[in-house]
Amino acid sequence: MNEINGNRIKLAVIPIELAQEEYQIFKNPNLFVYTKHDNFKSIEEAQAFIERHNQAGNFWGIFLKSNKLIGNCQFAIKGTTGELSYTIAEEYWGHGFASETVKTLIEFGFKSFSVNKVIGGCVPDNVASKKVMLKNGMSFFTLEKRAFEKNGRVYDLSYFERRFQNYEG
């Protein structure tokens with residue numbers, strides 16, 4: 001699948017030629033305050049990340065319809081469950097692009113893989129991500145205590161889910 005289209009965005013494989021743009025977005029440490037990952041330190045690190053994730057077949061860049069890269073997302077299938085994740089460039093926060101990405105991934109998962117449940121997780125302090133998932137019909141279902149440690153701090157993860165019997169966007 002080459003592209004998955006939303007209203008204002010499209011999800012597409014990131015060409016390695018966009019490693020510079022990927023680096024420019026993901027060198028920002030603010031994107032990683034609530035994740036177990038760290039920001040990119042070099043273009044080479046961005047290139048390796050793109051190559052590794054493109055091989056998985058479930059990872060896409062988030063592009064505006066003008067082809068501007070604004071983030072990444074992933075939708076992993078495990079049985080009849082899809083697990084989503086996303087990161088949006090800081091300058092695009094608060095404009096609904098994360099919500100549209102999650103909506104697009106949920107629709108894709110249901111229509112392409114007939115998943116009966118979609119899950120996503122975030123650190124409880126990440127209020128914006130929590131709102132994105134709730135806005136897309138997901139509800140809290142469990143808290144994983146001590147999910148990861150980063151820079152000497154231990155983080156929990158809140159998990160949200162959306163179950164389907166008959167999907168109606």
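# A chat about an eight-stranded sheet

Visitor: Hi! In what order do the strands of the sheet come?

Guide: Eight strands make an open sheet with mixed pairing, in the order β1-β2-β3-β4-β5-β6-β8-β7. Strands (E, at least two residues) and helices (H or I, at least four) are DSSP runs, numbered from the N terminus, and two strands pair if DSSP finds at least two bridges between them. This is a predicted model: local features need pLDDT of at least 70, side-chain atom pairs count only at pLDDT 80 or more, and totals for chains, interfaces and linings use all residues. Residues are numbered from 1 along each chain as its sequence is written, and side-chain values use heavy atoms, with hydrogens and water left out.

Visitor: Which strands stand at the edges?

Guide: Those are β1 (3–5) and β7 (139–150). Each has a single partner strand, so one side of each is left without a neighbour in the sheet.

Visitor: How does β1 pair with β2, parallel or antiparallel?

Guide: Antiparallel, with three bridges between β1 and β2 (residues 9–12). Asn-5 sits opposite Lys-10 of β2.

Visitor: And what about β4 and β5?

Guide: β4 (residues 69–78) and β5 (residues 81–88) run antiparallel and are joined by eight bridges. Asn-72, for instance, has Thr-87 in β5 as its bridge partner. The two strands form a hairpin with two residues between them, and Gly-79 in the turn has a positive phi of about 70°.

Visitor: Which way does β5 pair with β6?

Guide: In the parallel sense, over three bridges, with β6 covering residues 117–122. Thr-81 has Lys-117 in β6 as its bridge partner. Between β5 and β6 the chain passes through helix α3 (residues 97–113), and this β-α-β crossover is right-handed. That means that, with the strands pointing away from the viewer, the path from the first strand over the helix to the second runs clockwise.

Visitor: Changing topic: how do α1 and α2 cross?

Guide: The axes of α1 (residues 19–26) and α2 (residues 43–56) come within 8 Å and cross at roughly 110°. Axes are lines fitted to C-alpha atoms, for helices over the stretch in contact, with angles from 0 to 180 degrees between N-to-C directions. The two helices are therefore roughly perpendicular to each other (a label for 65 to 115 degrees; under 35 is roughly parallel, over 145 roughly antiparallel, the rest oblique).

Visitor: Which residues meet there?

Guide: From α1, Ala-19, Gln-20, Glu-22 and Tyr-23 meet Ile-43, Ala-46, Gln-47, Phe-49 and Ile-50 of α2. Contact means heavy atoms within 4.5 Å.
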